[in-house]
Amino acid sequence: MEMNFFWVQVRDLTIASLKSRYRKTFAGFIWVVLNPLLMFGVQSLVFKKFLNLNVPDYYLFLLSGLLPWIFFSQTIQMATPTFVTQAQLLRSFKINPLVILASQVADNFMNFLITFLLILLPFYIESGREIWPLFLLPLALIPLLLGTLGLSISLSTFNVFFRDTNFVMGFIFSLLFFLTPIFYPADYVPEQFRFLIYVNPAVYLLEPFRDLIYNETHKFFISLAKGTGVSLLFCLMALYVWKRKINDFYRKL
Amino acid sequence: MTSTGSSDVLLTVKNISVHFELEHYHLQGLRDIFVQAITHPVEYLLRTPELLKVLDGVSFELKKGMRLGILGINGSGKTTLCRCLAGMMRPQMGVIQTSAEVRAIFDTGTGIMPELTGRENAYLLGRLFFPEVRDLKPLVDEAIEFSELGHFIDVPFKQYSKGMQSRLMLSLISARSTDILILDEVFDGADVFFQQKLAIRMKNFIQAAGATVFVSHSADQVREVCEQVLVLNKGKIGFMGGVEEGIAYYLNSQPK
């Protein structure tokens, strides 16, 4: 019952924030598509045309890593300051703060779905791949969604105590972008540096999506299992941080 | 001990304590901690957080029909107690037992999405505040009409004055009664013209609630609303009993 209330609240809040973004102009919507499209355009120009990376179907390869990455990094950087910017509201009423956070993640997820349909899907169909793996897509999105939600909860709580968390995360994400196999395949990484891939939690959240869209499907179920495990760990960590810090949370807010 | 006797109790507070951790060093951010950890590693690792006791062994019962005023100077733990009663905070020791529906209001001059209109904000707040209501329309419509905001209701919330904001929010949250109502210094925002009309509605709202916890600095407001008073003094219950004795106790205990 309580859980049901939670999701109804998340739904209404998400609709409202989508409305508020697209209220006045079409610009909000255009930006949602234009931003990843430009990133995709510049990166494919640099890595395919300038550096001549020899990866078959490079456009599809790049998109299958870049779009989930944009969702992951942008959601976390948008969600991290949420509790602080909504401090007045959270102090004013008995409202579950996690509702507001979950709706931020859902809001970004809608944008991700739009970019998936408008940018990735045409390339997928154009590549002549089989259609049936697309039906497994909801499974591939579980680790991405859960992992992003869990990390967002931990980091936005953290940000209440250390107000520069978002600044530090921006820096970390700019490093992580290069250490995550997004525009290059993981097999390109020399053996002695492979550990950098294995210790990077972002890899586990992104990999199932790429395996399903780009690589062979038999790899998908292994990466899905790993990714789900890692994302559940993030959720457990979030739950622990949240339960432990809730009192100080309201004091510091 | 009879069953009727125990069913009169809406909420039981048993010996609750809340403490916060105060950092020795005033570290503002992660970068400060990083620098501190590098430049003074030993001090950083050996630091022990100082504990600040905000509530210290508080016990009482909230019975049906009770209107309890909470008095205390700033920092005596009033808001922390209210947040615990509302289930927003969890006491480190002791328990709060209740099966009642608790609504708590700490401030009213705030919307959810300032770019959206007052009406849209009212719906959103309605959804967050009354999750059990399926069809919000009649409730929100009534509140909007009561608030007398007229055509302003479809203007973005961010253009409202502080008074208009709390007028709308108070109209909305008083639109539906609840088992336990917690009001923590909420009557300061609404403008004077609206104050009287709103006061009647709020009084009815408080009457309709199963029990009310009312925090205010104003002795007059406490006299008007409450029939029992709890005075908090440094996290402990200094006094609990009749209104006039409570107010007298509170005024005497204040530092001169």
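**Two helices crossing**

Author: Helix α2(A) and helix α6(A) make a right-handed crossing. Helices are DSSP runs of H or I, at least four residues, and strands are E runs of at least two, numbered from the N terminus. This is a predicted model: local features need pLDDT of at least 70, side-chain atom pairs need 80 or more, and totals for chains, interfaces and linings use all residues. Residues are numbered from 1 along each chain as written, with chains lettered from A and ligands numbered from 1 in written order.

Reader: Which residues make the contact between α2(A) and α6(A)?

Author: From α2(A), A:V32, A:V33, A:P36, A:L37 and A:F40. From α6(A), A:N111, A:I114, A:T115, A:L118 and A:I119. Contact means C-beta atoms, placed from the backbone, within 7 Å.

Reader: Switching to chain B. How many helices and strands are there?

Author: Chain B has 10 helices and 9 strands.

Reader: Which way do β1 and β2 of chain B pair, and over how many bridges?

Author: Antiparallel, over 10 bridges. β1 spans residues 9-22 and β2 spans residues 50-63. Strands pair if DSSP finds at least two bridges between them.

Reader: What is the bridge partner of B:V13 in β2(B)?

Author: B:F60.

Reader: And how many bridges join β1(B) to β4?

Author: 5 bridges, and the two strands run antiparallel. There, B:S17 stands opposite B:M93 of β4(B).

Reader: What box do the C-alpha atoms of chain B fill?

Author: Roughly 65 × 50 × 40 Å, along the principal axes.

Key:
Left-handed = near helix turned anticlockwise from the far one by under 90°. Contact = placed C-beta atoms within 7 Å.
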